[in-house]
Amino acid sequence: MDERRTQQREAARERQRIRRQRLREEERQSIRDRNRQRMQQKRRNMSQDERELHLDHLRNRDHVRRNNMNMEERQQFLENMRNRDHVRRNNMNQQERQNHLENERNRVQRHRNAHNMERQIYYIGAMDVQCQFCRALRFQREQLNCCHNGKVMLPPLQDYPENLRLLFDANNAEGANFRQNISNYNSAFAFASFGANIRPPPGRGPYCFGLEGQTYHYASNLHANDPEERRYGQLYIIETNKAIHNRVNAPENANCLVSVFQKINEALINNPYAAAYHNMRDIEQQDQERAAIENVSPRKVTMHFIPGPDRRTYNNPSGNEIAAIFVGDDGAPPVHRDIIVYPIGQQRERIAYISCHLDPMVYPLLFPNGELGWHIQIVHVAQRQTRVRTKVTMQEFYSYRLAIRDGFSALHRAGKLLQQYIVELM
Ligand SMILES: [Zn+2]
């Protein structure tokens, strides 16, 4: 009897599984909604005892499940939870967010009460104190070295591309996807590769970017050995649709959207590094045409990024101002060279930690207009220079950049990407 019933149940389950597979996504969604409502109704009708019992059951089930996980499954589980929470938070409207925060506060309070934890409050005041020199905001009881008392004054970053700015605020699937995968989108458009041993800290909690050991950055060659493997700068010299195709098909970008790739592509239209790679390609092509006419072999074309740009243009350089292109082995190379980009092959250039090109080449979504990072030529405000020290140090530069000021700042909205950037700076 029992056996027959089990068989019947199995068969029913199988039928249901097949039916579900046939359903389209919307239908599936509506069933999910119905189930959710049914569960909510059921929960509402429960007595207090039943509810306790039910919660106990759920807790035990989760506990057993978690205990049976191996390390990798646990990491994956935590990552999924984090992603789920992140997406959920991003899709909330103002009211839902308020409710969510209130619930979280209550939950923490209940936990504290249950464990007799005394809540210690240390209040640092509101973030409404503005620096008289650079307008940076700080908390009332915070010590902040935003501009070293007016000694450092950097030109503001150029206007952030409007279509990307909207993605930071968009309350839709595209916006949520952009924010969730911002590091992937950034790497897909970077001009240099980023190598590091990425080790997020264990346990639950907010997203945390962790690194172990050293980081490496390499400027990409002009051409890839295999056209299907085009990456970084190499994607800027081919046709837009092809480049987007390459980016979408990279395995690490499986969660990324074509529409977002298109928007980023449009936003980087004036990027000086994209222009520099383009220039190099044009010059290479010209030399190949000349060689074909003269029936000689084409010369080697290399691009040399300029280390200390002209002070007048250090904030918004053009392609010609950041790089010089040399044709032939006998072309006079610059005395001071920063990064060399080669046409093709195994040879590739590591970008120095102190190079001013590192920030814009590695973080195009933070600096879409190619704003340079720190370099030696930036000087203190004339009236506040001392006789010994006139140059802005690296620490002063990044303290200034990372301070919060009024107005939109992609840097401070970039979430995971901001964390990566800060960790790399340290
Ligand atoms: Zn200041």
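Which residue in β8 does Ala219 stand opposite? In this predicted model, the residue facing Ala219 is Glu349 of β8.

Strand β4, which spans residues 211-219, is joined to β8 by two bridges, and the two strands run antiparallel. Both belong to an open sheet of three strands, arranged in the order β3-β4-β8 with antiparallel pairing. The edges of this sheet are taken by β3 (192-198) and β8 (349-350); each has a single partner strand, so one side of each is left without a neighbour in the sheet.

Another set of strand pairings involves β5, which covers residues 301-305. Four of the five residues of β5 are buried, so this strand is largely enclosed by the rest of the structure. With strand β6 (residues 323-327), β5 pairs in the antiparallel sense over five bridges. Within that pairing, His304 stands opposite Ala324 of β6. Strand β5 is also joined to β7 (residues 339-341), here by three bridges and again in an antiparallel arrangement. Met303 has Val341 as its bridge partner in β7.

Turning to the helices, α9 (residues 240-249) and α10 (residues 258-267) have axes that come within 10 Å and cross at roughly 130°. An angle of this kind makes α9 oblique to α10. The crossing of these two helices is right-handed. On the α9 side, the contact is made by Thr240, Ile244, Arg247 and Val248, while α10 contributes Val258, Phe261, Gln262 and Asn265. Sorted by class, the contact of α9 with α10 has four nonpolar, three polar and one charged residues.

A further helix pair is formed by α4 (residues 71-90) and α7 (residues 173-180), which pack at an angle of about 140° with their axes 10 Å apart. Here too the geometry makes the helices oblique, α4 to α7. The crossing of α4 and α7 is right-handed. Asn83, His86, Val87 and Asn90 of α4 meet Ala176, Arg179 and Gln180 of α7 in this contact. The residues of the contact between α4 and α7 divide into two nonpolar, four polar and one charged.

Asn149 has a phi near 55°, a positive value in a residue other than glycine. This asparagine, Asn149, is found in the loop between β2 (137-138) and α6 (162-169). Is Asn149 buried or partly exposed? Asn149 counts as partly exposed, because 13 C-beta neighbours lie inside 10 Å.

Tyr232 likewise has a positive phi, near 50°, and is a residue other than glycine. Its place is in the loop between β4 and α9, which links the topic back to elements already described: β4 pairs with β8, and α9 crosses α10. Tyr232 is buried, because 23 other C-beta atoms lie within 10 Å.

Note on methods:
Residues are numbered from 1 along each chain as its sequence is written. This is a predicted model: local features need pLDDT of at least 70, side-chain atom pairs count only at pLDDT 80 or more; totals for chains, interfaces and linings use all residues. Axes are lines fitted to C-alpha atoms, for helices over the stretch in contact, and angles run from 0 to 180 degrees between N-to-C directions. Angles under 35 degrees count as roughly parallel, over 145 as roughly antiparallel, 65 to 115 as roughly perpendicular and the rest as oblique. A crossing is left-handed if the near helix is turned anticlockwise from the far one by less than a right angle, and right-handed if clockwise. Two residues are in contact if their C-beta atoms, placed from the backbone, lie within 7 Å. Ala, Val, Leu, Ile, Met, Phe, Trp, Tyr, Cys and Pro count as nonpolar, Asp, Glu, Lys and Arg as charged, and the others, Gly among them, as polar. Two strands pair if DSSP finds at least two bridges between them. A residue is buried if 20 or more other C-beta atoms lie within 10 Å of its own, exposed if 12 or fewer, and partly exposed in between; C-beta atoms are placed from the backbone.
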